[in-house]
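Let's look at some labels and ask what stands behind each of them.

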Amino acid sequence: MRLLFWCLLGAYLIAVLAQRAFPSQDGPVHLYYADVVNHLMAGDRSYGAYFGIKHWVPPYAFHYYALIALTRFLRPLQAEKALVCAYTICFCLAFRYLLRGVAAARESGAADAWSLLAFPFVHNRTLYLGFYNFSFGVAASLFLAGYWLRHSGELTVRRIAVVLLLVLALAMTHPVALAVALLAMGAHVALVALAALAEYRAAGGTW
């Protein structure tokens with residue numbers, strides 16, 4: 001199953017790279033705005049009469065910064081394909097990481113088999129619409145949920161810092177993905193607290 005996972009991931013990446021351009025609805029607009037932001041950051045006044053940067057770390061900014069970085073050494077259409085490949089890798093690995101963080105799946109060895117379910121969902125409608133921030137937000141929320149399941153019982157300063165960095169990354173992608181991740185973490189905390197309370201009462205404890 002593990003080999004099949006990596007073979008499928010490779011096939012998806014080849015399918016993206018084999019195209020002249022990734023057929024997304026909003027992709028050309030994203031490339032244009034990335035070029036605008038890049039010129040504004042460089043101090044070029046070509047777009048200064050029409051655009052301005054108000055905040056450096058706003059929501060929905062992640063994919064613009066990613067495209068700016070990629071266009072340093074790739075042509076725009078290639079940069080978009082590289083971005084889609086990065087999302088594909090992040091989503092599939094985050095999905096697998098989350099499943100391997102679930103104790104029951106990890107102990108039964110079922111995580112590798114269940115991780116194959118990532119592939120029917122990775123290239124979805126929102127990706128082809130060009131909602132790259134949302135797509136990366138979903139991948140980041142899966143990773144954050146997996147990290148929280150693994151380490152929430154033994155939080156250290158380093159692990160708290162990692163959680164905060166992941167929350168910051170989510171804040172730069174999409175608010176819905178951030179809200180879902182925080183809701184999942186809150187639900188996990190509540191369930192753990194209820195389980196501890198039930199165990200306490202079963203042991204004869206009282207309020």
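Q: What makes the nonpolar surface patch here, and how is such a patch defined?
A: Met41, Ile53, Trp56, Val57, Leu165 and Leu168 make a nonpolar surface patch of about 590 Å². Patch residues have over 30% relative accessible area and no salt bridge; nonpolar side chains (Val, Leu, Ile, Met, Phe, Trp, Tyr) are joined within 5 Å, and like charges within 9 Å. Areas come from the Shrake-Rupley method with a 1.4 Å probe, and for residues only the protein chains shown count as cover.

A word on the basis: this is a predicted model, where local features need pLDDT of at least 70, side-chain atom pairs count only at pLDDT 80 or more, and totals for chains, interfaces and linings use all residues. Residues are numbered from 1 along each chain as its sequence is written, and side-chain values use heavy atoms, leaving out hydrogens and water.

Q: Why is methionine 41 called partly exposed?
A: Its relative accessible area is 38%. Buried means under 20% and exposed over 50%, with partly exposed in between, so methionine 41 is partly exposed.

Q: How do you know that glutamate 154 and arginine 159 meet in a salt bridge?
A: Their side chains are 4.0 Å apart, N to O. The definition asks for a side-chain nitrogen of Lys or Arg within 4 Å of a carboxyl oxygen of Asp or Glu, so the label applies. A search of the whole structure finds one salt bridge.

Q: Why is glutamate 154 called exposed?
A: Glutamate 154 counts as exposed because its relative accessibility is 58%. Arginine 159, at 22%, counts as partly exposed.

Methods
Buried means under 20% relative accessible area, exposed over 50%, partly exposed in between (1.4 Å probe, protein chains only).
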